[in-house]
Amino acid sequence: MIMGFDGTDWSARLRTMLATFQPGGVILFKRNIAEAAQTHNLLRHIEKASAVPLFRCVDMEGGTVDRFRDVIARIPSAYDVARTSSAKLFHKHGELIGRQLRALGFNTDFAPCVDLRLPESVGVLGPRTVSGDPREVVRYAREFLNGLRDARVLGSGKHFPGLGGANLDSHHALPSVVRTRKQVWEQDLLPYRELRRNFPFVMVAHVSYPRVTRDYSPASLSTKWISGILRDKIGYRGLVISDDLDMGGVLNSVSIEEAAVGTLKAGSDMFLVCQKEENVWRAFEAVLKRSERDKSFAVSVASKAKRVIAFKARSAEVRAKFAPVPNQTKVQAMRRRVWEFSEAVRLSSPANDTATTDETVAEVAR
């Protein structure tokens, strides 16, 4: 489990949660990030409290999903960067974001978003998506991931199998996509097929594809999607993690307990519970109780835990030491680099483009 929590301070409550759950990682949101040094110190306390190295995670794409905009500076969205058609700027986008993460104490970024930019979803995802052409999505994502890696930060492909054809926000409801199996394989899944060796993580979405699975179950709970297609057919060998189980896209149909057990049974190695601390406890207890009464499930969970631990042991990003606490001079230097990058993106963008800007799209949680 990778868990979210409330507050910006190291507290007795958080210490108890970490000691009880021994999670695989933590994820921070804007509610946890007040300033650079505070974030760094919080993550150092969390890491020291864990018996094993943690994935210290954040969603940082730029644009509408920018957790550091009030701490450092606003960084351009994936769409704004992709409009430049510059592989150099694609790479710099990932590297710049990665260096911010590393400076603040993170080692994992749940980015890039490789959903297709289709008419159905552009009003929901906005500048998070880069193109309706999956080859252009691959081109951007590959360079972005290389940039993250240069900064010693893990990335993640999301949201498998794709939210491009979805016209609902999975934070609130379960989208149902009517695209055919052929469309999905040749278009939505192309980034996962091409980048299967590049993604440290693949995040599985709460989205249904009834023409593919013959039912309306979310991909995050689907053995066919995770084990059958992602693992067996595509051949992905990295870590599979569910999107936040504390979302309406899954909780409108099952309980948090059923979701936690269900995503592991379907083939996920890990799951996210990001919003309510109560649901973190409930998900943990559900997996523990199921393991106590179901031997085959317990064996499966133990195997997943070994897989995650082995991944961490060979990951240079996880094993890397913390950077020094970022002082004001460091923060100002990062702000300067963001400004320089933003100017490079602006000057490299097509003239008279009517692109959707960050300000015209409401911020989303992921």
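Q: Is Trp-281 buried, partly exposed or exposed, and what are the cut-offs?
A: Buried means under 20% relative accessible area, exposed means over 50%, and partly exposed lies in between (1.4 Å probe, protein chains only). Trp-281 has a relative accessible area of 29%, so Trp-281 is partly exposed. Phe-21 is at 7%, so Phe-21 counts as buried.

Q: What kind of model is this?
A: This is a predicted model: local features need pLDDT of at least 70, side-chain atom pairs count only at pLDDT 80 or more, and totals for chains, interfaces and linings use all residues. Residues are numbered from 1 along each chain as its sequence is written, and side-chain values use heavy atoms, with hydrogens and water left out.

Q: How many aromatic pairs does a search of the whole structure find?
A: A pair of aromatic rings is described by the distance of the centres and the angle of the planes. Rings of Phe, Tyr and Trp (its six-membered ring) pair if their centres lie within 6.5 Å; planes under 30 degrees apart count as stacked, over 60 as edge-to-face and the rest as tilted. The search finds 13 pairs. In one, the ring centres of Phe-21 and Trp-281 are 4.6 Å apart and the planes are at 70°, so this pair is edge-to-face.

Q: What about Tyr-140 and Phe-144?
A: Their ring centres are 5.7 Å apart and the planes are at 35°, so the pair is tilted. Both residues are buried.

Q: Which residues form one aromatic cluster?
A: Phe-160, Tyr-192, Phe-199, Tyr-209 and Trp-225 do.
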